[in-house]
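Open the model in your viewer and keep the selection tool at hand. Follow the stops in order.

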Amino acid sequence: MKANQILLSIILCFFTMKGIAQETYQQKLENLHEKIVRTQYSTLDSMFSNIEKFKMNIKTKDSFWIARYHEALGVYHQQKGDYDKAIGEQLKSLVIAENLKNPLLIAKANKNIGVVYSLRGDFEISTDYLFKARDLSYANKDTVTGVLADLKIGQTFWQLKEYKKAMEQVDKCIEIAETRKLNNDVLSDIYLEKGNMLLMYGKLDSSLAFYKKAEKLIYSTGHLEGIATVYSNIGAIYFYKNDFNKAIEYYKKSLVKAEEFKDKISIGIAKMNIGEAYYNINQFQKSEKELKESLSLFKGLKDKLKLMDNYYYLYELESKRNNSKKALEYFKLRIIYKDSVINENNLNKISSLQVKYETVEKEKQIAQQDLELQTQNATISSQRNNQLLLLGGLGFLILGGLLFYNKNKAKQKVALQKAVIKEKEKGFSSLLKASEDERKRISKDLHDGIGQEMAALKMAIGHVKNKEEDIVKKEELSKILNNCARSADEIRNISHQMMPRTLLENGLIDAIDDLLKGAFMYSKIEQKFEYFNISERFNEQIEISLYRVVQELISNIIKHANASEVNVLLYKQEGQLILLVEDNGIGMQNKSKKGHGVLNIKSRIDMIKGTINYEPSTNAGTSATIVVPL
C-alpha cells in the first residue's frame, strides 16, 4: 500500500513540475511579446532585438507562437515603412492561423493586414480585411481586436472623406469600450482618434476635452509611449487658436517625451510643429533650425509623406521672409515628393490588382485540370464518350466562333463608343469656344458700344447741369447724372465679367490679380497671390480656361468654405503650368464634389488636357492643384 502511495506521489509531482515548466515557457513568451509591443512605438532596434529573443525561445513545432512571431515581425516592417515585407509576414501568420483553425489568430492577422493596406492607401482591400477581422473577433468574444478593427475602419472612412461615417464609427467604438470596460490602453487610443476628428471639424474645445481624457488614461496605465502624440495634438489646438506660445510649450513637451522613448517619427513631427509655430510669430531663425533638423530626420527615415509636409513648411517660412527663390525651390521639392507618393500608391494598387488576377487565373487552371481529369476518366469508362467528345469538340468550335464573333463585336462597340466620346469632346470644346467667343463679342459691344454711349451721355448731362442756373433743375440733373454713372459702372462690370479686358490685353497674371482684389475687396478674407518662372503669354484657350477655373474656385470659397485665408500660386515647371488654390476653410463636403461648379471646372481642365486634384489643405481647408501641359 505504501509503495502505491509513493508511486502516486511521484506521478503527481511529475505532472505538477511539467505544468510549472509549461507555465514558465508560456509566461516567458508572453513577457517577451509584451516587450515587443511596447518597443514598437520607440526604438525599432530594440523591437527587432526583442523579436529575435522571442524567436529563439519558441519551440520548433509550436505553431501558435510561430504565428505570433510572424505577426510581430510584420509590425516591425510596418513601422519601418516596408509595407510589402509587412504584408508578407502577416500573410504567413494568417496561413498558420487558418491551418490551426484558430479564429482569434485569424482575426488578428486580418486586422494587421488591413492596417498595412490602409497605410499604403489601398483602402478598398484594407476594408475587406478589417471587416473580416471585426466580424470574426466579435463572434468569438475578442472585443479588443474587434474594437481596434472598427477604429481602423473609422480612420479609413475619414481617409475616403466619408466624414459622417467615420465619426459614427468612432462613437460606436467609444460606446463598446466604455460599456465593456476595456483596458485604458485601448480606450485612450479611441479618445485620441475622436479628438483628431473633432480637431479636423474645427471643434477645438471638444477636441481638447478628448485629448485630456486620453492623457489621463495613458498616465493611469504607466505606458507612456503614445503621450508624445497627445501633447503634439494639444499643441495643434492652441496653434489653431493662434496662441502660438502655448502651442510651442506643448510641442516641446511632446519632443521631450518622444526623445525619452527614442521615437524618431514623433521627434520629427514635434520639431516640424515647433518650426511652423515659430515662423508664425516671426522667429525665423529658430523656425529654420527646427525645420531643417526635422527634414534631416525624415530623410533618414525615408518618410516621403512627412518630407512633403516638411518642405511645405519651409516654403511657408521662406515666403514669410520674402525669399521667393528659396520658397520656389522648397515648393518644387514638395511637388516632387507628392508626385512620388501618388505614383507609389498607383503602383501598389496595380500590384494588388495583379495579385487578384493571378489568384483568379490559378483557380481557373485548377478548374481546368479537374475538368481534364474527369474527361479522361469518362473516356476510359465508356467508348460512347468518343462520340460525345466529337460533339463536344464541335460545340467548342461553335462556341469559339461565337466568342470570336462577340469579341469582334465588342471591339467594334468600344471603338464606336470612343469615337462618340471623341465627337462629344470636340462638340463640347466647340461649344465652350463659341461661348467664350460670344462672351468676347458681347463684352466688346458693351464696352465699345453702349459703354461709349453712356460715357458720352454722362458728359452731356454734366455739361447741361453745369450750365443750368435753376437750383431745383440742377438737383434733378445731379440725380439723373448719378443714375447714369451707376448704369455705366454696371455695364462696365458686366463687360468685365463677360471677358476681362485685362486678360485679353495683359494676360493671366494681371487678370487673376484683378479678380482676387475685386472678389475680396469688401470681405474679411485675406488673399495672397504669388507667381514664379512666368515671363510669357500662354495659349488663349489655356489662359481663359484657367481664369474661369480660378473664378469658379473663388466663388465656391466665398459661398461655402467659411475661410479666412486664400492663397493662389501660379508657376511654370518642366513644360507644365501649375496652379494651386488653397484655403483654410471647412474643406470640401461630399455634396460639393458633385456640384455643377466642380463638374464645370473638370470639363474646362479636360478641354486643355490638364488634371485637377483636390485634397485637404495643411491649414485644414481645401487645396486644388491644376496641372496643364504647355
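This tour of a predicted model goes from the nonpolar core to charged pairs and then to a pair of strands.

**The core.** Select V147, I190, Y191, Y211, V230, I234 and Y251. In the largest nonpolar core, which has 53 residues, they touch the most other members. Now colour α7 (143–159), α8 (163–179), α9 (184–201), α10 (204–221), α11 (227–240), α12 and α13; each gives two or more residues to this core. The largest share, nine residues, comes from α11.

**A charged network.** Select R134, D135, D150 and K172. Salt bridges link them in a network.

**Along α12.** Show E249 and K246. Their side chains form a salt bridge, 3.9 Å from N to O. They sit three residues apart in helix α12, so about one helical turn separates them.

**The α12–α13 loop.** Move to D263, between α12 (244–260) and α13 (264–280). D263 is buried but has no salt bridge; K264, the nearest side chain of opposite charge, is 9.7 Å away. What does the side chain of D263 make a polar contact with? Select the side chain of S266, at 2.8 Å.

**From α13 to α14.** Pick K271 and E290. Their closest N and O atoms are 3.5 Å apart, in a salt bridge. E290 is in helix α14 (residues 284–301) and K271 in helix α13, so the pair ties together parts 19 residues apart in sequence. Both E290 and K271 are buried.

**The strands.** Show β1 (residues 526–532) and β2 (residues 565–573). They run parallel, joined by seven bridges. Trace the chain from β1 through helix α21 (residues 540–561) to β2: this β-α-β crossover is left-handed. F532 stands opposite Y571 in β2.

**Last stop.** Select K572 and E536, whose side chains meet in a salt bridge (2.9 Å, N to O). K572 is in strand β2 and E536 in the loop between β1 and α21, 36 residues apart.

Notes:
Residues numbered from 1 in each chain as written. Predicted model: local features only at pLDDT ≥ 70, side-chain atom pairs only at ≥ 80, totals over all residues. Heavy atoms only, no water. Helix = DSSP H or I, 4+ residues; strand = E, 2+ residues; numbered from the N terminus. Buried < 20%, exposed > 50% of the residue type's maximum accessible area, 1.4 Å probe, protein only. Lys, Arg positive; Asp, Glu negative; His and termini not counted. Salt bridge = Lys/Arg side-chain N within 4 Å of Asp/Glu carboxyl O. Polar contact = N/O pair within 3.5 Å; in protein donor to acceptor, adjacent residues only side chain to side chain. Pairing = 2+ DSSP bridges. Right-handed = clockwise from strand over helix to strand, strands pointing away. Core = buried A, V, L, I, M, F, W, Y, C linked by side-chain atoms within 4.5 Å.
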